[in-house]
Amino acid sequence: MMSLASFQGHAQDLLASQAPVDKRMKAVDTLSLRRLIVKENMENPSADLYNGWDNKYAHRATELPETYRIDLRGFCMPTPSRVVTSNFGYRARWGRQHKGLDIKVYIGDTIRAAFSGKVRIVRYEAGGYGKYVVIRHNNGLETIYGHLSKQLVSEDQEVRAGEPIGLGGNTGRSTGSHLHFETRLCGVALNPALMFDFRNQDVTGDYFVFNRSSYERESEEATRERGMVGNGGYTAEQVRGSKSNANSGEGSSEMEKLYHKVSAGETIASIAKRRGVTVEQICRLNHLTPSTKVRPGMILRYS
């Protein structure tokens, strides 16, 4: 018959032998859980914020959280252009809100995914976005890229930050080639200038913490700091972020190129007079004729 001491020793041996097994099983369970989370994020990014996956609507607003931290690490600027041609916010001329930032790009310029995620919508809207792409990201944001000339991705496709998703264009309700860029949380448009600094080609920090109570004030401050500079006089460096060209010896002539943003009521002749150049020069540089009607928002090269 086994003594009490022998029994206790045997039990301790069993527990000791079982401990590594339990530890290994726990590690396996943790690994399986991680894989499951990754799989779910791929199938439906930010599922904790969004009820489902819908390919019909660019945005449907739901209740915003009181506060939410958005991870901005691992980003890519959608375009190297540094020129903001229209700010986020109310447009008196149209009597409605402008839900994103307009960034000057040319037809055919590469547009890239701002963060890794999954493409939710690839559609065409004649009276609005034109050819556009919507991507949902694991940080909770959805980004929208509008007025593209071509879409390079398909719905339900997984993309990495920096991957080409379209080409710059002038489709839909647009007055000139540009990228309309939106950042939305739970379908609600947030000012992209809170997170993206196009002039400096960077994000505003590792994280952006959305607070419902302070959002309006912070949005106004972001527009003042990182919004549209003003009308006209853009250099090629600002338009294309060509600082690298200057460093490589290509920049001397490139830096002399200047641009003018058209305001309401302006004509090619009035712009030429204002900038001290000829109508013929503006037409030649922009492939226009003297009778071409320019529209507000267009950006013309004049030098």
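Trainee: What do the buried residues of α7 pack against?
Mentor: In this predicted model, the buried residues of α7 pack against α6 (268-275) and β20 (299-301). Contact here means heavy atoms within 4.5 Å. Helices (H or I, at least four residues) and strands (E, at least two) are DSSP runs, numbered from the N terminus.

Trainee: Which residues of α7 are buried?
Mentor: In helix α7 (residues 279-286) they are Ile282, Cys283, Leu285 and Asn286. Buried means under 20% relative accessible area, exposed over 50%, and partly exposed in between, with a 1.4 Å probe and protein chains only. Just after α7, histidine 287 takes a positive phi of about 55 degrees.

Trainee: Before we go on, what are the ground rules for numbering and confidence?
Mentor: Residues are numbered from 1 along each chain as its sequence is written, and side-chain values use heavy atoms, with hydrogens and water left out. As the model is predicted, local features need pLDDT of at least 70 and side-chain atom pairs count only at pLDDT 80 or more, whereas totals for chains, interfaces and linings use all residues.

Trainee: Turning to α2, how far does that helix reach?
Mentor: Helix α2 (residues 215-226) has twelve residues and reaches 16 Å from its first C-alpha to its last, close to the 16 Å expected at 1.5 Å a residue. The expected span is 1.5 Å times one less than the number of residues.

Trainee: Which of its residues are buried, and why do they line one face of the helix?
Mentor: Tyr215, Ser219, Ala222, Thr223 and Arg226 are buried in α2. Seen down the axis of α2, the buried residues fall within an arc of 100 degrees, so they line one face. The arc is that of the directions from the helix axis to the C-beta atoms.

Trainee: And what covers them?
Mentor: The cover includes β2 (84-86), β14 (188-190), β15 (196-197) and β17 (207-211).

Trainee: How many residues are in the largest nonpolar core?
Mentor: That core has 41 residues, and those with the most contacts inside it are Tyr145, Ile165, Met195 and Phe196. A nonpolar core is a set of buried Ala, Val, Leu, Ile, Met, Phe, Trp, Tyr and Cys residues joined through side-chain atoms within 4.5 Å. Among the elements that give two or more residues to this core are β1 (67-71), β8 (130-137), β9 (141-148) and α2. A second, separate core of eleven residues includes Val277, Cys283, Met298 and Leu300.

Trainee: What does methionine 195 touch?
Mentor: Not counting residues up to four places away in sequence, its contacts include Ile70, Leu141, Leu190, Val203 and Phe208.

Trainee: How many disulfides are there?
Mentor: A search of the whole structure finds zero; a disulfide is a pair of cysteine sulfur atoms within 2.5 Å. Cysteine 76 is buried at 19% relative accessible area, and cysteine 186 is buried at 1%.

Trainee: Next, the open sheet: what is its strand order?
Mentor: The three strands run β6-β12-β10, with antiparallel pairing. Strands pair if DSSP finds at least two bridges between them. The edge strands are β6 and β10, each pairing on one side only. Strands β6 (residues 110-112) and β12 (residues 164-167) share three bridges, and isoleucine 111 has glycine 166 as its bridge partner. Strand β10 (residues 150-151) pairs with β12 over two bridges.
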